[in-house]
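Here are my notes on this model.

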Amino acid sequence: MEPKKLAIIATKGSLDWAYPPFILASTAAALGYEVQIFCTFYGLQLLKKDLALEVTPLGNPGMPMPLGMDKWFPVLGLALPGMQAMMTAMMKKKMKDKGVASLEMLRELCQEAEVKLVACQMTVDLFDMDKSNFIDGVEYAGAAAFFEFAGESDICLYI
Amino acid sequence: MADFDQELDASGLNCPLPILRAKKTLNAMASGQVLHIVATDPGSVKDFDAFAKQTGNELMESKEDGGKFHFLIKKS
């Protein structure tokens, strides 16, 4: 029987938004799906050897804040230097405490399970990104190549 | 709890790690062998049920005991 196929477009490059593509891809692969993640624009950050992703509370009223900070901290305060680094450190610690896998581990599990990682060639050029900063095994392609896989997929997600 | 051939302790791990570890362990097992998984993630109850249905491996038992979840999966 033909395996089911999952096609994902990953467009975001923050710590929190990097999770859905890798969690869904690795799980689908474990369920027997053939999976491809097409990384475009900020989603290209997911392919860097050094995953230095951060999370920001700015413009994100849905983000639960520690110590009731959202109650008394003015929104402008969240733009202070160091705030993003602090929130990122707190988020990473929380994830570790709760047994949530690191992005590095999830990405490795994806690669072990032969999830195909594709970088959008156009955005790589647009941002003058150095391919030597990307992990091994990444393929470079465009929109037409994505549709070749996505057109036959059972599930297609834009994240 | 019935007999099993191999055990996987996924305590403290969160979604999707218990499933991924189970899949990896099952890959190295022979058809008909039984894997006992221990997990603390409450989401794993529905997830292992769904995992079994989609992969064709049989979920022989699923139970909670003292805050831990136990699963027996027979490799297809």
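How many residues does helix α3 of chain A have, and what span does it reach from its first C-alpha to its last?

1. Helix α3. This is a predicted model. Helix α3 of chain A covers residues 83-97, which is 15 residues. From first C-alpha to last it reaches 21 Å, close to the 21 Å expected at 1.5 Å a residue. A:G99 follows α3(A) and has a positive phi, near 75°.

2. Contact between chains. Chain A and chain B each give 11 residues to the contact. On the chain B side, two elements give two or more residues: α1 (17-27) and α2 (44-55). α1(B) gives the most, with four residues. By class, the chain B side has six nonpolar, four polar and one charged residues.

3. Cis peptide. The bond joining B:C15 and B:P16 is cis, with omega about 5°. B:P16 sits in the loop between β1 (6-10) and α1 of chain B.

4. A:F41. Phi of A:F41 is positive, near 45°, and the residue is not a glycine. Its place is the loop between β2 (34-39) and α2 (69-72) of chain A. A:F41 counts as partly exposed because 16 other C-beta atoms lie within 10 Å.

5. A:D128. This residue also is not a glycine, yet its phi is positive, about 50°. A:D128 lies in the loop between α5 (121-126) and β4 (139-141) of chain A. Is A:D128 buried or exposed? It has 6 other C-beta atoms within 10 Å, so A:D128 is exposed; the cut-off for exposed is 12 or fewer.

Technical notes. Residues numbered from 1 in each chain as written. Chains lettered and ligands numbered in written order. Predicted model: local features only at pLDDT ≥ 70, side-chain atom pairs only at ≥ 80, totals over all residues. Expected span 1.5 Å × (residues − 1). Contact = placed C-beta atoms within 7 Å. Nonpolar A, V, L, I, M, F, W, Y, C, P; charged D, E, K, R; others polar. Buried ≥ 20, exposed ≤ 12 C-beta atoms within 10 Å, placed from the backbone.
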